[in-house]
Amino acid sequence: MAITLKDVAGAAGVSRSTASRALSGSLLISPETRAAVEEAAAKLGYRPNRAASTLRSRQSHLIGLVLNNLINASFHTIAEVVQRRAAVENYQVMLCITDADPRREESFLRTLAAYGVDGLIMIGTGKNAALTNALLAEGIGMVSVIRAAAESAAPSVLAADREGAHAATTHLLDLGHERIAFIGGELTTNSGRERFAGYEQALRERGRQVEQDLVERGPFDPAFGAEATTRLLRQNPTALFTANHEAVFGVLPTLVAAGIDIPGRLSLICYEDIPWLRWWQPAVTVVDNGARELGELAMDLLLQQIEKRSPGEHGTGRSYRVGAKLITRASCAPPR
């Protein structure tokens with residue numbers, strides 16, 4: 001009776017996929033595990049079936065989609081684009097939600113690799129660059145969207161966040177606002193850094209400095225938005241620029257509960273458009289980051305990698321940008 005890979009995996013005490021990767025020299029397998037699998041294979045006299053291996057190495061027609069959360073409306077839009085494009089190309093999408101936990105993200109990435117996905121699209125934490133680089137080196141296509149780690153070799157599709165934030169802040173300055181409060185993401189994320197940089201640049205161009213008591217930075221979370229809004233209202237700003245999208249879901253209820261007249265008492269701009277902001281009373285001015293275009297471009301790049309079977313060609317960390325657009329509605333007016 002022929003010895004199978006399943007027999008080797010059982011003798012080594014690992015899964016079949018782990019045994020397969022160990023014997024193929026995968027960088028994802030620890031030296032200790034690789035040694036145990038190789039020893040078991042030698043003792044059992046295992047000889048790989050090269051024909052079967054060739055069949056298994058063909059495309060799985062699986063694409064992994066790894067997201068930090070499903071609160072962010074742009075993530076919803078990107079997921080819809082990925083699913084639609086994947087279906088057209090006869091791919092199935094495996095969705096993983098990390099809750100912005102780097103350890104959970106790492107676990108999902110290893111699981112998706114074990115399933116032999118042909119490619120990955122990530123809106124990630126930026127904390128697993130070494131692992132994503134190893135996956136790229138193994139031939140798994142990959143594209144980062146919206147957020148990207150500086151050390152990652154995967155191509156990234158990013159919004160023009162600095163330009164969008166600059167346009168929003170300039171609009172408020174043009175209306176005559178001087179005390180413009182800012183709610184943003186952590187500076188450890190590229191969107192957090194770039195949106196704050198756009199805000200700061202617009203102020204400096206008008207000869208103004210950032211007032212730290214008007215700035216709140218924190219996690220992409222509605223609870224943070226509520227807390228930040230409560231603190232900022234004590235500083236009596238005349239305008240609020242919410243550049244942390246997830247925070248918007250805490251900002252708006254807090255303003256309503258406080259009885260803040262928009263735009264009479266406070267002008268408001270939010271980052272990333274969602275349909276119900278058009279129907280809020282009053283309709284909210286937004287910076288549209290082009291989520292649909294981000295998703296389309298990400299899929300274009302991923303499918304190119306998969307079709308060429310040469311992710312290494314794209315493993316240069318190159319960034320692609322999608323423009324941002326200010327959409328003016330009724331939530332902004334000159335200060336009283």
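**Ground rules**

I number residues from 1 along each chain as its sequence is written, and I use heavy atoms for side-chain values, with hydrogens and water left out. Since the model is predicted, local features need pLDDT of at least 70 and side-chain atom pairs count only at pLDDT 80 or more, while totals for chains, interfaces and linings use all residues.

**Entry: aromatic rings**

I looked up ring pairs first. A pair of aromatic rings is described by the distance of the centres and the angle of the planes. Rings of Phe, Tyr and Trp (its six-membered ring) pair if their centres lie within 6.5 Å; planes under 30 degrees apart are stacked, over 60 edge-to-face, and the rest tilted. I got seven aromatic pairs by this rule. In one of them, F196 and Y199, the ring centres are 6.0 Å apart and the planes stand at 45°, so I noted the pair as tilted.

Where do F196 and Y199 sit? They are in helix α9 (residues 190-205), three residues apart, which means about one helical turn separates them. I take helices (H or I, at least four residues) and strands (E, at least two) from DSSP runs, numbered from the N terminus. Both F196 and Y199 are buried. My cut-offs are these: buried is under 20% relative accessible area, exposed is over 50%, and partly exposed is in between (1.4 Å probe, protein chains only).

**Entry: charges over rings**

Which residue lies over the face of Y271? I found R195 there, 3.8 Å from the ring centre. R147 has its charged end over the ring of F220, at 4.0 Å from the centre. The rule asks for NZ of Lys or CZ of Arg within 6 Å of the ring centre and within 35 degrees of the ring normal.

**Entry: cavities**

Next I looked for empty space. Rolling a probe the size of a water molecule over the atoms shows where it is left. On a 1 Å grid over the protein atoms alone, a cavity is a set of points where a 1.4 Å probe fits but cannot get out; a pocket is an open set with protein on both sides within 12 Å along at least five of seven lines; lining residues have an atom within 4 Å of a point. Points are joined across faces, edges and corners, and the volume is the space filled by probe spheres set on them.

I counted three cavities of 30 Å³ or more. I sorted the lining of the largest cavity into five nonpolar, seven polar and three charged residues. Here Ala, Val, Leu, Ile, Met, Phe, Trp, Tyr, Cys and Pro are nonpolar, Asp, Glu, Lys and Arg are charged, and the others, Gly among them, are polar.

The second largest cavity has a volume of about 40 Å³.

I listed 23 lining residues, with N68, A100, T125, R147 and T189 closest to the centre. The lining of this pocket splits into eight nonpolar, eight polar and seven charged residues.

**Entry: backbone in the loops**

A100 sent me to the loop between β2 and α6. It has a positive phi of about 60° although it is not a glycine. D99 is in the loop between β2 (92-97) and α6 (102-114), and has a positive phi of about 55° without being a glycine. Are they buried or exposed? D99 has 52% relative accessibility, so it counts as exposed. A100 has 45%, so it counts as partly exposed.

I also looked up cis peptide bonds. One joins I262 and P263, with omega about 5°. P263 is in the loop between α11 and β9. Another joins Q281 and P282, with omega about 0°. P282 is in the loop between α12 (275-279) and β10.
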